[in-house]
Amino acid sequence: MSTPRYIIDLAALKKNLEILSQVKQLADCNIVLALKGFSLWKTFPLIAEYLDGCCASGLWEAQLSHQEMGKHTLTYSPAYKEAEIKELVEISNHLDFNSPSQWLRFREMVTSHPRFLSGELKCGIRINPEHSTGSTPIYDPCAAGSRLGATAQSLEGVDLTGITGLHFHTLCEQNSDDLETTLEAIDQKFGTLLNRPEITWLNMGGGHWITKPDYDVDRLIRLIQQTRERYNLDQIWLEPGEAIAIHTGVLEASVVDIVENAGQQIAILDVSATCHMPDVLEMPYRPDLFGPDGTLATESGPHLYRLGGPSCLAGDIIGDYTFSKALQIGDTLTFDDMAHYTMVKTTTFNGVPHPAIALKNEDGSLETIREFTYEDFRNRLC
Ligand SMILES: Cc1ncc(COP(=O)(O)O)c(C=O)c1O
C-alpha cells in the first residue's frame with residue numbers, strides 16, 4: 001500500500017448527512033456545506049442529495065459550488081474586490097457583506113443586476129454580536145478588535161435598503177447552548193433590525209457540532225423555530241463544515257526513519273503537520289492515531305515516539321504517541337479524522353509530496369481518485 005493518502009469514507013459521510021437532513025426537515029431550515037472546511041468535490045453528488053448547496057468564502061469557492069454542486073451558493077468574504085463582485089453576482093444566491101463600507105461601495109452594482117431584481121440574488125450583512133463563547137482565540141470572530149462582521153454600532157444610521165438578511169458566524173465546535181446565548185446577544189443588539197419587515201432570512205453560520213453524539217439537536221431545532229417566529233423570518237440557514245465531514249476520513253502515513261535524541265525516540269513520517277494537518281500546530285490539537293496493529297496510540301507507555309514530518313521545520317511535530325509494540329521502518333500509521341480542515345489546507349512546502357486521495361465506497365472497496373506528481377508541485381508556482 002502506498003502512502004501518504006487521505007481516505008474518505010462515503011458511508012461515514014452519508015451517516016452525517018442523514019443526521020443533518022433530519023435537522024433540516026424537523027426545523028424546516030436550509031443547510032449548506034462550508035467549502036472552507038471540506039471541498040472534495042467528487043463527493044458533491046452525494047452531499048447534494050441531502051443538503052441545499054454550499055457556502056463560499058470568495059470567488060473560487062463560489063465557482064466550485066456553482067459548477068460542481070449546482071444548488072444554492074451563499075457567498076461571504078471579509079472583503080470583495082470589484083472584479084470579484086462582477087463575477088459573484090452571476091453565480092451567488094446570497095451575497096453577504098462584511099461591513100457597511102463594502103455594502104455601500106457595491107450596493108448600486110449589485111442591486112441593479114437582473115438577478116437581484118428577479119429575486120434570484122439576495123444581499124445580506126454579516127453582523128458581529130460581540131459575544132464570545134469559544135475557547136480558541138484564533139477561532140473567535142467576536143474578540144475585541146475583530147475584523148469579522150459589522151458591530152451594531154457600526155450599522156447605526158447606515159442605509160440598508162436592499163439588504164434582506166443577516167448572517168452571523170461566531171461558533172467553533174460548539175453545542176447549541178452557546179448558540180442560545182449568542183441568539184440572546186443578537187436579540188439585544190440587532191433585534192430591532194431583525195424585526196424590520198424587509199429582513200426575511202437569517203444565516204446562523206457554522207461551528208454547530210451537530211453530528212457529535214452529545215450535541216443537543218432538540219435545542220437547535222427549538223432555537224431555529226423560535227427565531228423564525230420571533231422575527232417573522234421566511235428562511236433560516238446553517239452553513240456547517242466540520243459537522244459534515246467529521247469522522248469521515250483518515251490520513252495514512254508510513255514510518256520513514258527512526259532516530260534518537262536526548263533519550264527521545266523520534267519517528268519521521270511521510271506526512272507533515274505543517275503541510276498536511278496545519279491545525280495541529282495552529283489550533284493546536286493532538287489527532288487520534290491508530291498504530292500498525294490498528295489500536296489507538298496513547299499518550300504514555302513503553303514504546304513512546306515523537307512523530308515528526310519530513311520537512312525541515314524544527315516544529316513539524318505531530319505529537320508524542322505510545323504504541324503497543326516498537327515501531328519499525330515501513331510501518332503504517334493512520335491519523336483519524338483527517339477529512340475536514342486538512343485537505344483544504346495542504347501545501348507542498350519543502351517539496352513534500354501531497355498525499356493521494358482515495359474514496360472508501362459503501363461496499364468497502366477503495367478507489368484512488370487523485371495522485372499528485374512532481375509536475376503538480378512544479379506547475380503551482382509558474
Ligand atoms: C463564515 C463561516 N461560515 C461557516 C464556517 C464553517 O464552520 P465549521 O466548519 O466550524 O462548521 C466558517 C468557519 O470558519 C465560517 O467562517
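This is a predicted model: local features need pLDDT of at least 70, side-chain atom pairs count only at pLDDT 80 or more; totals for chains, interfaces and linings use all residues.
Local features were taken at pLDDT of at least 70 and side-chain atom pairs only at pLDDT 80 or more, while totals for chains, interfaces and linings use all residues. Residues are numbered from 1 along each chain as its sequence is written.

The domain assignment divides the protein into two parts. Domain 1 covers 10–245, and domain 2 covers 249–338 + 346–380. These bounds come from an automatic or database domain assignment. The centres of domain 1 and domain 2, taken over C-alpha atoms, are 34 Å apart. Seven residues of domain 1 touch nine residues of domain 2. Contact here requires C-beta atoms, placed from the backbone, to lie within 7 Å. On the side of domain 1 that touches domain 2, five residues are nonpolar, one is polar and one is charged. In this classification, Ala, Val, Leu, Ile, Met, Phe, Trp, Tyr, Cys and Pro count as nonpolar, Asp, Glu, Lys and Arg as charged, and the others, Gly among them, as polar.

Nine strands form an open sheet with parallel pairing. Their order is β2-β10-β9-β8-β7-β6-β5-β4-β3. Strands (E, at least two residues) and helices (H or I, at least four residues) are DSSP runs, numbered from the N terminus. Two strands are taken to pair if DSSP finds at least two bridges between them. Strands of a sheet pair through backbone hydrogen bonds, either parallel or antiparallel. In the nine-stranded order, β2 and β3 take the end positions. β2 (30–31) and β3 (33–34) each have a single partner strand, so one side of each is left without a neighbour in the sheet.

Three of the strand pairs can be followed residue by residue. β2 pairs with β10 in the parallel sense over two bridges. In this pair, Ile-31 is placed opposite Leu-238 of β10. β10 is also joined to β9 (residues 201–203) by three bridges, and these strands run parallel. Here Trp-201 is placed opposite Gln-235 of β10. Elsewhere in the sheet, β4 (residues 53–56) and β5 (residues 72–76) run parallel and are joined by four bridges. Cys-54 is placed opposite Thr-73 of β5.

Helix α9 (residues 217–231) packs against two helices, α1 and α8. The axes of α1 (residues 10–27) and α9 come within 9 Å and cross at roughly 40 degrees. Axes are lines fitted to C-alpha atoms, for helices over the stretch in contact, and angles run from 0 to 180 degrees between N-to-C directions. α1 and α9 are therefore oblique to each other. Angles under 35 degrees count as roughly parallel, over 145 as roughly antiparallel, 65 to 115 as roughly perpendicular and the rest as oblique. The crossing of α1 and α9 is right-handed. A crossing is right-handed if the near helix is turned clockwise from the far one by less than a right angle, and left-handed if anticlockwise. Val-23, Leu-26 and Ala-27 of α1 meet Val-217, Leu-220, Ile-221, Ile-224 and Gln-225 of α9. Of these contact residues, seven are nonpolar, one is polar and none is charged.

The axes of α8 (residues 176–194) and α9 come within 11 Å and cross at roughly 5 degrees. α8 and α9 are therefore roughly parallel. From α8, the contact involves Ser-176, Leu-179, Glu-180, Leu-183 and Leu-194. From α9, it involves Arg-219, Leu-220, Leu-223, Thr-227 and Tyr-231. This contact has six nonpolar, two polar and two charged residues.

Helices α3 (residues 59–69) and α4 (residues 82–91) form another packed pair, with axes 10 Å apart and an angle of about 20 degrees. That makes the two helices roughly parallel. Their crossing is left-handed. Leu-59, Ala-62, Gln-63 and His-66 of α3 contact Glu-84, Glu-87, Leu-88 and Ile-91 of α4. By class, four of these residues are nonpolar, two polar and two charged.

Most residues other than glycine have a negative phi, and most peptide bonds are trans. Asn-232 is not a glycine, yet has a positive phi of about 55 degrees. Asn-232 lies in the loop between α9 and β10 (235–238). A cis peptide bond joins Thr-3 and Pro-4, with omega about 0 degrees. Pro-4 belongs to the segment before β1 (5–9). The bond from Met-283 to Pro-284 is also cis, with omega near -15 degrees. Pro-284 lies in the loop between α12 (279–282) and β13 (289–290).

Conventions: Two residues are in contact if their C-beta atoms, placed from the backbone, lie within 7 Å.
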